[in-house]
Amino acid sequence: MIRRIGTTAAAALCCTLAGVGLVGCDDEAEPAESSESSDSAASDEETDEAGTPGGAGVEQIELDGQTVDVNIHCAGESAEGQPVVFLLHGGGEDLTNMADLQETLSADGQVCSYDRLGAGGSDAPLGPQDFEDTGTILGGVIEEVASGKPVVLAGHSMGGLIAARYAPENEQVAGVVLLDATGPNAAADFAERIPEDVEGPAAELRAAQLAVFEGQNPEQLVFADGDVVPAGDIPVRVLQHGVQYLAELDPEYGEGLEEDWTAAQEEWLSLSSDSERTVVENAGHYIHTDAPEAAVEAISDVVARAAG
């Protein structure tokens with residue numbers, strides 16, 4: 001299902017493919033459903049200055065020789081031998097988007113989420129970011145609240161892409177769940193799908209989305225395409241949307257975008273020799289809100305196998 005946004009074609013693609021895993025358009029898009037429900041989840045808990053319920057609060061992490069404030073929220077109790085789960089939100093959003101999922105999972109263990117630079121209660125980026133920068137912040141968050149413990153990363157959309165880039169270089173990662181994650185070669189896929197000489201609304205869509213890939217997004221993240229780097233044999237679950245909302249984007253190119261998305265999810269299977277892809281038939285891009293039971297099952301499965 002397509003997020004309700006502004007009326008121009010460019011806004012539609014920017015937000016819907018923020019919708020599909022790139023970056024949000026906060027000036028145009030309505031708040032995600034789970035952001036509204038997060039208020040009730042926090043109603044009985046103390047909040048920090050950033051409005052985040054309980055948890056670790058704002059911590060300072062070093063990036064490029066400077067300290068930045070990162071907003072972190074943890075819930076649940078850490079069990080001996082059980083990995084700590086880290087939820088990574090999509091682009092243009094913040095940790096409140098996954099608040100309901102975090103609350104459910106925290107009944108069985110410790111679950112943490114955080115706002116990346118440029119999101120929610122965290123500092124703005126120091127400048128354009130790459131995946132090394134986002135990895136530094138993620139690593140700092142993990143060190144702050146789960147030092148020495150194994151972790152499971154569960155990332156939605158752009159958060160999934162960041163998780164998949166981080167995992168192969170960090171042995172502390174014991175499992176990964178990708179919730180309709182942005183593909184490893186999303187920029188090239190998109191540029192090839194909608195040709196450079198196209199005209200009309202499709203041209204606006206192309207220009208808007210390529211600008212996002214080049215860093216014109218709230219996190220200033222520049223998307224660098226690359227091959228999937230294996231992370232050994234850690235358990236990996238890849239969940240893909242089943243509601244074909246991308247096909248509605250453009251009468252000529254929408255179906256091709258769905259084909260590219262499926263191919264990208266299949267590419268992510270190369271992240272581990274123990275990987276599995278599931279199409280969640282009743283879910284659009286926001287699998288964790290459209291079909292939360294599917295997200296909970298996948299994350300719980302990976303946690304159990306990683307702890308085994």
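Me: Before we start, what should I know about the model and the numbering?
Reply: It is a predicted model, where local features need pLDDT of at least 70, side-chain atom pairs count only at pLDDT 80 or more, and totals for chains, interfaces and linings use all residues. Residues are numbered from 1 along each chain as its sequence is written, and side-chain values use heavy atoms, with hydrogens and water left out.

Me: OK, how many disulfides are there in the whole structure?
Reply: A search turns up one disulfide, meaning a pair of cysteine sulfur atoms within 2.5 Å. Cys-74 is joined to Cys-112, with 2.1 Å from S to S.

Me: And which parts does that pair tie together?
Reply: Cys-74 sits in strand 2 and Cys-112 in strand 4 (residues 111–114), so the link ties together parts that are 38 residues apart in sequence. Strands (E, at least two residues) and helices (H or I, at least four) are DSSP runs, numbered from the N terminus.

Me: Is the link of Cys-74 and Cys-112 right-handed or left-handed?
Reply: Right-handed, with 110° about the S-S bond.

Me: Is Cys-112 buried or exposed?
Reply: Cys-112 is buried, with a relative accessible area of 0%. Cys-74 is buried too, at 13%. Buried means under 20% relative accessible area, exposed means over 50%, and partly exposed is in between (1.4 Å probe, protein chains only).

Me: Switching to charges: how many salt bridges does the count come to?
Reply: The count comes to nine salt bridges. The rule asks for a side-chain nitrogen of Lys or Arg within 4 Å of a carboxyl oxygen of Asp or Glu.

Me: Why would side chains pair like that?
Reply: Side chains of opposite charge can pair when their charged atoms come close.

Me: Which side chain meets Glu-259 in a salt bridge?
Reply: That's Arg-193, at 3.9 Å from N to O. Arg-193 lies in helix 6 (residues 186–193) and Glu-259 in helix 8 (residues 254–267), so this pair ties together parts that are 66 residues apart in sequence.

Me: What about Arg-193 and Asp-260?
Reply: Their side chains meet in a salt bridge as well, at 2.8 Å from N to O. Asp-260 is in helix 8 and Arg-193 in helix 6, so here the parts tied together are 67 residues apart in sequence.

Me: Is Asp-260 buried or exposed?
Reply: Asp-260 is buried, with a relative accessible area of 17%. Glu-259 counts as exposed at 52%, while Arg-193 counts as partly exposed at 28%.

Me: Next one: what does Asp-274 form with Arg-305?
Reply: A salt bridge, with the closest N and O atoms 2.8 Å apart. Asp-274 lies in strand 8 (residues 274–280) and Arg-305 in helix 10 (residues 292–307), so the pair ties together parts that are 31 residues apart in sequence.

Me: Which residues are in one network there?
Reply: Salt bridges that share partners join Arg-237, Asp-274, Glu-276, Glu-297, Asp-301 and Arg-305.

Me: Last topic: where does Asp-64 lie?
Reply: Asp-64 is in the loop between strand 1 (57–63) and strand 2 (66–75). At 61% relative accessibility, Asp-64 counts as exposed.

Me: And where is Asp-290?
Reply: Asp-290 is in helix 9 (residues 287–290). Asp-290 is partly exposed, with a relative accessible area of 22%. Its C-alpha atom is separated by 9.6 Å from that of His-241, 49 residues apart along the chain.
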